[in-house]
Amino acid sequence: NGVEAYLLDGGTLTGSRTWDVTSVPYMFTGDFAVAAAAVLTVKPGVVVKLDTGRPVSVDGRLDAQGQPGQPIVFTARADDTALGDSFHDGSSATPPRGSWEALYLSGAGSALKNVEVRYGGNTANPGNIFNYTAAVWVRGDTTAENLVVRASDSHGVQVASNAVLTL
């Protein structure tokens, strides 16, 4: 069947990087992190798909600024509405809520503009009531504009007491 994705095992990004591939999704099979000194820039139209229970942890800075009509999407592996059936499994079912863990923004200065976060919110597997989490955790000062969080297994966005989310 094959896979139409930029398939990555996970790991930690220690230097600054730009993601600009919009023809296939970035797909992580393991946990992905952005180190404290790094900046990950994500361009409009990029789709990131994650496996069950997998997080994106940003200790550095995430600069994800999509455009109207070209949002940046963080979603479940099974979400065929984002760049199609990447895994050619023939399934067009809607992924369950909590299909992946969360987007953790711990470093100061992250920016989310025209970003969609879909089907996150569980640290283990969909529907596991002991592992609910917010789909987006703001732990470092972050700005957001036109941020859409949908189909989370728990809350959409949670802001830590020492962080500021500017909308």
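User: What is the relative accessible area of Ala144, and is Ala144 buried or exposed?
Analyst: The model is a predicted one. Ala144 belongs to strand 14, residues 142-150. Buried means a relative accessible area under 20%. Ala144 therefore counts as buried, as its relative accessible area is 7%.

User: How many Å separate the C-alpha atoms of Ala144 and Thr166?
Analyst: Along the chain, Ala144 and Thr166 are 22 residues apart. Ala144 itself is placed in strand 14.

User: Which residues make the nonpolar surface patch of about 390 Å²?
Analyst: One of its members, Ile129, is situated in the loop between strand 12 (110-118) and strand 13 (136-138). Exposed means over 50% relative accessible area, so Ile129 is exposed at 56%. The residues that make the patch are Ile129, Phe130 and Tyr132.

User: Which strand gives the most residues to the lining of the largest pocket?
Analyst: The largest pocket has a volume of about 180 Å³. Its lining includes Tyr6, Leu13, Trp19 and Phe28. At least two lining residues come from each of strand 1 (6-8), strand 2 (11-13), strand 3 (17-19) and strand 4 (26-28). With 3 residues, the strand that gives the most is strand 2.

User: How many residues of the lining of the largest pocket are nonpolar, polar and charged?
Analyst: Among the residues that line the largest pocket are Leu8, Gly10, Thr12, Arg17 and Phe32. By class, the lining divides into 7 nonpolar, 3 polar and 1 charged.

User: Which side chain meets that of Arg54 in a salt bridge?
Analyst: The count of salt bridges comes to 4. In one of them, the N to O distance is 3.1 Å, and the side chain that meets Arg54 is that of Asp31.

User: How many residues apart are Arg54 and Asp31, and where does each lie?
Analyst: The salt bridge between Arg54 and Asp31 has an N to O distance of 3.1 Å. This pair links distant parts of the chain, with Arg54 in the loop between strand 7 (47-50) and strand 8 (56-58) and Asp31 in the loop between strand 4 and strand 5 (32-34). Arg54 is partly exposed at 29% relative accessibility, and Asp31 is partly exposed at 41%.

User: What is the relative accessible area of Asp51?
Analyst: The side chains of Asp51 and Arg77 form a salt bridge of 3.5 Å, N to O. Asp51 lies in the loop between strand 7 and strand 8 and Arg77 in the loop between strand 10 (72-76) and strand 11 (103-105), so this pair ties together parts 26 residues apart in sequence. Arg77 is partly exposed at 33%. Asp51, in contrast, is buried, because its relative accessible area is 17%.

User: Which residues are linked in a network of salt bridges?
Analyst: Arg118 and Glu116 meet through their side chains in a salt bridge of 2.7 Å, N to O. Arg118 and Glu116 are both buried. The network of salt bridges links Asp79, Glu116 and Arg118.

User: How many Å apart in space are Pro25 and Ser99, C-alpha to C-alpha?
Analyst: Pro25 sits in the loop between strand 3 and strand 4. At 1% relative accessibility, Pro25 is buried. Pro25 and Ser99 are 74 residues apart in sequence, and their C-alpha to C-alpha distance in space is 16 Å.

User: How many Å apart in space are Ala38 and Asp153, C-alpha to C-alpha?
Analyst: Ala38 occupies the loop between strand 5 and strand 6 (39-42). Its relative accessible area of 1% makes Ala38 buried. In sequence Ala38 and Asp153 are 115 residues apart, and in space, C-alpha to C-alpha, they are apart by 29 Å.

User: Phi of Tyr119 is near what value?
Analyst: Most residues other than glycine have a negative phi. Tyr119 lies in the loop between strand 12 and strand 13 and is buried at 13% relative accessible area. Tyr119 has a positive phi, near 65 degrees.

User: Phi of Ala151 is near what value?
Analyst: Ala151 is located in the loop between strand 14 and strand 15 (157-159). Ala151 is a residue other than glycine with a positive phi, near 60 degrees.

Terms used: Residues numbered from 1 in each chain as written. Predicted model: local features only at pLDDT ≥ 70, side-chain atom pairs only at ≥ 80, totals over all residues. Heavy atoms only, no water. Patch = residues over 30% accessible without salt bridge, like charges linked within 9 Å, V, L, I, M, F, W, Y side chains within 5 Å. Areas by Shrake-Rupley, 256 points an atom, 1.4 Å probe, with all protein chains shown as cover. Helix = DSSP H or I, 4+ residues; strand = E, 2+ residues; numbered from the N terminus. Buried < 20%, exposed > 50% of the residue type's maximum accessible area, 1.4 Å probe, protein only. 1 Å grid on protein atoms, 1.4 Å probe; cavity = no way out; pocket = protein on both sides within 12 Å on 5 of 7 lines; lining within 4 Å. Points joined across faces, edges and corners; volume = space filled by probe spheres on them. Nonpolar A, V, L, I, M, F, W, Y, C, P; charged D, E, K, R; others polar.
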